[in-house]
Amino acid sequence: MLKIGIVGVGHLGKFHLNNWLEIDNVEVVGFYEPNDATAAEVIEKYKIRRFTNADAFLGLCDAIDIVTPTTYHYQWCEKAIKMGRHVFVEKPFADTMEEARELVKLAKESSIKLQVGHVERFNPAFLSLKNVTLKPMFIEVHRLAQFNPRGTEVSVILDLMIHDIDIILSIVKSDVKRISASGVAVLTETPDIANVRIEFDNGCVANLTSSRISMKKMRKMRLFQKDAYIGIDFLNKKTEIIKLKEAADENVFAFDIDTSAGKKTIAVANPLIPEVNAIKRELEEFRDAIVNNTQTVVSEIDGLKAMDVAHQILEKIGNATIKS
């Protein structure tokens with residue numbers, strides 16, 4: 001039985017707690033939460049133990065799930081890794097690149113498993129493409145959210161866009177060549193809306209727009225590749241594939257068109273969307289990596305790469321602001 005401890009049981013932490021309690025072969029030994037009112041609420045509802053001493057807490061855990069504000073990620077990761085505890089940590093991986101690199105170094109020197117909480121990797125719409133070859137040459141992304149004071153200690157790049165950065169880096173098997181970016185701080189002290197263009201060595205271009213001051217929510221990614229268009233709606237859990245085929249499959253809508261190369265078939269398919277709770281799935285995958293001694297799905301290296309691109313974007317935005 002894997003003994004799990006949760007660090008931080010605020011808004012997102014409660015979602016994690018609820019899911020851990022439903023996962024097989026896991027025992028939640030308790031939680032660490034500095035806010036007395038929040039802790040009292042969790043104790044009353046879940047009847048699980050609160051810890052106020054970090055060493056005593058970690059001493060009873062095999063692994064911890066860190067669901068704190070980003071500024072606390074490093075101290076908890078460092079302490080847990082040095083005590084030989086496995087770590088699940090919410091995105092972004094750390095507060096600074098220096099912290100992230102140090103954590104990668106510590107994880108490499110240890111035998112622990114570390115997974116970063118890029119939950120969109122486990123979104124049913126994205127999982128539906130598991131058996132589809134993705135080789136995009138152009139990517140368009142819109143991630144829009146209504147304003148919420150929670151999470152605004154970091155910019156919209158590290159709060160929202162980093163989800164899409166991670167997805168794109170997992171799809172595009174090429175190094176980043178160039179980044180262009182612009183952003184504006186509207187309601188907070190850091191950028192609340194940003195537009196970014198990422199160019200890769202293989203010729204792929206990704207345009208990303210993220211906003212946390214929108215009137216409506218949107219989480220869409222569109223992939224364009226040779227003979228195919230793939231639309232992913234992360235919010236509504238829908239996926240659409242439109243592609244050129246020699247002949248249509250029986251299970252898709254299709255129609256013929258005339259091209260300079262002759263008659264072609266355009267097939268429109270909606271892949272089967274698995275019934276998956278994304279948070280529960282990512283936590284189950286973390287458990288399995290520990291139990292089976294396998295690589296985590298979203299490793300500390302993945303977390304570092306996403307942070308690196310995010311911080312390059314922030315630097316570009318900062319330079320543009322200074323010049324203006």
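In which strand is the place of Leu 223? Leu 223 sits in strand β11, which covers residues 218-225. The model is predicted, and in it Leu 223 is buried, with a relative accessible area of 0%. Residues up to four places away in sequence left aside, Leu 223 touches Leu 134, Pro 136, Phe 138, Ile 139, Ile 171, Ala 228, Tyr 229, Ile 230 and Ile 232. Leu 223 and Lys 135 are 88 residues apart in sequence, while their C-alpha atoms are 8.5 Å apart in space.

The UniProt record divides part of the chain into annotated spans. An unreviewed entry there gives residues 2-118 as "domain: Gfo/Idh/MocA-like oxidoreductase N-terminal". In the model this span is 43% helix and 24% strand, and its end C-alpha atoms lie 22 Å apart. The unreviewed UniProt entry also lists residues 154-217, as "domain: GFO/IDH/MocA-like oxidoreductase". Here the chain is 25% helix and 38% strand, with 19 Å between the end C-alpha atoms.

Next comes a sheet. Strands of a sheet pair through backbone hydrogen bonds, either parallel or antiparallel. This sheet is open and has six strands, in the order β3-β2-β1-β4-β5-β6, with parallel pairing. Strands β3 (50-51) and β6 (114-117) are at the edges and have a single partner strand each, so one side of each has no neighbour in the sheet. Strand β6 is joined to β5 (residues 86-90) by four bridges, and the two run parallel. Glu 90 has Gly 117 in β6 as its bridge partner.

Helix α4, residues 73-82, packs on this sheet and touches β1 (2-7), β2 (26-32), β4 (63-66), β5 and β6. The direction of α4 makes about 170 degrees with that of β5. Buried residues in α4 are His 73, Tyr 74, Trp 76, Cys 77, Ala 80 and Ile 81. Just after α4, Gly 84 has a positive phi of about 80 degrees.

Another helix, α2 (residues 36-46), holds Ala 39. Ala 39 is buried, at a relative accessible area of 0%. Apart from neighbours within four places in sequence, Ala 39 is in contact with Phe 31, Glu 33 and Arg 50. Thr 52 is 13 residues from Ala 39 in sequence and 10 Å from it in space, C-alpha to C-alpha.

Two packed helices are described by the angle between their axes and the distance between the axes. For helix α1 (residues 11-20) and helix α8 (residues 278-292), the angle is about 65 degrees and the axes are 9 Å apart. Their crossing is right-handed. From α1, Leu 12, Phe 15, His 16, Asn 19 and Trp 20 take part, meeting Ile 279, Lys 280, Glu 282, Leu 283 and Phe 286 of α8. By class, this contact has six nonpolar, two polar and two charged residues.

Some backbone details remain. Most residues other than glycine have a negative phi, and most peptide bonds are trans. Asn 25, not a glycine, has a positive phi of about 60 degrees. Asn 25 lies in the loop between α1 and β2, and counts as exposed at 55% relative accessibility. Lys 47 likewise has a positive phi, near 55 degrees. The loop between α2 and β3 contains Lys 47, which is exposed, at 66% relative accessibility. Lys 91 and Pro 92 are joined by a cis peptide bond, with omega about -15 degrees. Pro 92 belongs to the loop between β5 and α5 (97-109).

How values were computed. Residues are numbered from 1 along each chain as its sequence is written. This is a predicted model: local features need pLDDT of at least 70, side-chain atom pairs count only at pLDDT 80 or more; totals for chains, interfaces and linings use all residues. Side-chain values use heavy atoms; hydrogens and water are left out. Two strands pair if DSSP finds at least two bridges between them. Contact means heavy atoms within 4.5 Å. Axes are lines fitted to C-alpha atoms, for helices over the stretch in contact, and angles run from 0 to 180 degrees between N-to-C directions. Buried means under 20% relative accessible area, exposed over 50%, partly exposed in between (1.4 Å probe, protein chains only). A crossing is left-handed if the near helix is turned anticlockwise from the far one by less than a right angle, and right-handed if clockwise. Ala, Val, Leu, Ile, Met, Phe, Trp, Tyr, Cys and Pro count as nonpolar, Asp, Glu, Lys and Arg as charged, and the others, Gly among them, as polar. UniProt positions are given in the numbering used here, feature names are shortened, and annotations may be inferred rather than shown by experiment.
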